[in-house]
Amino acid sequence: MFKRILRIVIIALVLLVLVVVVGGIVGFNFLRDNGIKQYFASMKPPAATVSTTIAKPLTWTPGVEAIGTVRAVRGVDLTVETTGIVKEILFHANQKVAYGAVLLQLDGAVERADLEATKAQVALVQMALTRAIELQRRGVNAEATLDTARATASATAAQVNKLQAVLDQKQLTAPFSGTVGIPKIDLGQYLAPGTVVVTLQDLDTMRVDFTVPEQQLPSLKIGQTVRLGIGGGEMPYAGTIRGIDPKIDPSSRLVNVRAEVANTEGKLTPGQFVQVRVELPEEQNVLALPQTALTTSLYGDYIFVVQPAKPAEAPPTQAAKPEEKPAASATEKPADAQPADTKPADAKPADAMKPAADATKPAADAAKPADKPADPAKPAAEGDKPALVLSQVFVKPGRRNQGMVEIVEGLKAGDEVVTAGQNRLFNGMSVAVDNTIDPTKSANKQADPQ
């Protein structure tokens with residue numbers, strides 16, 4: 001009987017221990033998970049570092065941008081007019097030639113022989129005409145004979161001119177001064193009329209053809225300044241508009257425009273792709289931001305404006321607890337308690353001084369706020385650099401020019417706008433401003449001053 005009771009008690013103790021251990025583990029896990037949740041819920045994310053700029057009115061130079069093709073003002077592909085075998089090539093690639101210079105000579109031996117024979121015939125006909133005129137002067141020759149001699153002389157002279165023109169077609173000459181390209185023929189090659197021999201381009205002045213939408217046609221006029229660029233955003237070449245097509249293409253709704261630009265350095269090449277910008281009159285007081293500040297999403301275009309964080313509400317003043325007494329009542333406490341003191345008269349002097357020391361503590365505590373004037377100044381010092389937060393503002397963008405975008409609606413002058421570091425930003429997020437890096441400038445330009 002006793003053993004059975006002992007066994008039951010042991011089992012009960014073991015079960016109790018297990019319950020306590022399991023309950024402790026479960027409770028520990030619950031408290032731990034709850035503590036982790038509270039920690040992450042109350043943890044403030046670190047401030048993100050961003051670059052900013054201050055929005056302010058500036059001078060805006062509007063323009064019409066397009067894509068153009070460069071062509072030489074004078075440029076042709078030279079061809080031959082007649083058949084023949086190439087006898088001489090009198091130029092080489094990229095040679096500058098003058099007006100009238102002979103570039104190609106075809107074999108013209110047959111035509112030259114015909115010309116010499118005809119010239120000899122001209123001499124004989126001219127002698128017959130001179131004799132007929134003399135006989136007519138003497139009155140022994142008929143008028144019809146003289147007319148026949150004159151007609152024969154004119155026909156023979158015309159035949160000489162014809163043969164000379166055919167012989168001249170055996171030569172290819174430069175129609176204007178310029179630079180020739182790579183020869184497309186070889187010595188001894190038989191050429192047919194229309195065969196291209198070489199290209200000739202005048203590279204001193206270039207022509208740029210481009211198209212603009214019909215909505216921008218009223219902004220264009222003859223003589224406007226045009227800026228040209230090969231790539232990289234820079235437009236170092238300047239020209240003027242020379243022609244505007246009076247007809248709009250009904251299939252594309254585009255207008256053809258032609259401009260001319262001086263090519264003094266020879267960097268523009270016919271057939272080259274260029275970026276074109278027609279500059280319009282300047283406008284004042286336009287709000288614009290770097291294009292890196294504008295973010296596009298499915299909901300619209302927006303920017304992040306940096307603003308000081310709103311100060312937290314001050315907690316209500318706590319009422320004094322009932323057990324806390326003013327300093328005056330504290331000083332009277334030792335005197336009231338003196339009669340109840342049953343300590344012997346031969347108590348230690350230190351014990352006798354304790355009430356007086358205790359009585360001075362409230363007065364010392366009351367004087368502490370006056371002794372530390374620096375504490376109230378701390379918030380003022382910290383207020384010089386308040387915490388900064390983000391405000392997401394949806395805006396309406398307008399025109400763009402040289403890395404800047406016009407903001408039509410949603411932006412005010414003086415707003416501090418984020419220009420770099422927008423990744424993973426959200427509304428109300430704490431940020432720290434670092435403007436040592438300007439994203440609107442090249443990294444090489446910023447590294448030079450450093």
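How many bridges join strand β2 to strand β15, and do the two run parallel or antiparallel? I began my notes on this predicted model with that pairing. I found three bridges between β2 (residues 57-60) and β15 (residues 283-290), and the strands run antiparallel. Within the pair, I saw Pro-57 standing opposite Leu-287 of β15.

Next I followed β15 to its pairing with β20. Strand β20 covers residues 404-409, and three bridges join β15 to β20 in an antiparallel arrangement. Here I noted Met-404 in β20 as the bridge partner of Pro-290.

Then I looked up Thr-179, which lies in strand β8 (residues 178-180). Its relative accessible area is 16%, so Thr-179 counts as buried, the cut-off being under 20%. Beyond four places in sequence, I listed its contacts as Asn-94, Gln-95, Lys-96, Thr-199, Leu-200, Gln-201 and Leu-203.

Ile-89 was my next stop, in strand β4 (residues 84-89). I have Ile-89 down as partly exposed because its relative accessibility is 27%.

Last, I checked confidence. The protein chain has a mean pLDDT of 80, and 80% of its residues reach 70 or more. Over residues 313-383, though, pLDDT stays under 50, and the model has five contacts beyond four places in sequence for that stretch. A friendly reminder to myself: where pLDDT is low, the predicted coordinates should not be read in detail.

Technical notes:
Residues are numbered from 1 along each chain as its sequence is written. This is a predicted model: local features need pLDDT of at least 70, side-chain atom pairs count only at pLDDT 80 or more; totals for chains, interfaces and linings use all residues. Side-chain values use heavy atoms; hydrogens and water are left out. Two strands pair if DSSP finds at least two bridges between them. Helices (H or I, at least four residues) and strands (E, at least two) are DSSP runs, numbered from the N terminus. Buried means under 20% relative accessible area, exposed over 50%, partly exposed in between (1.4 Å probe, protein chains only). Contact means heavy atoms within 4.5 Å. pLDDT is the predictor's confidence in each residue, from 0 to 100.
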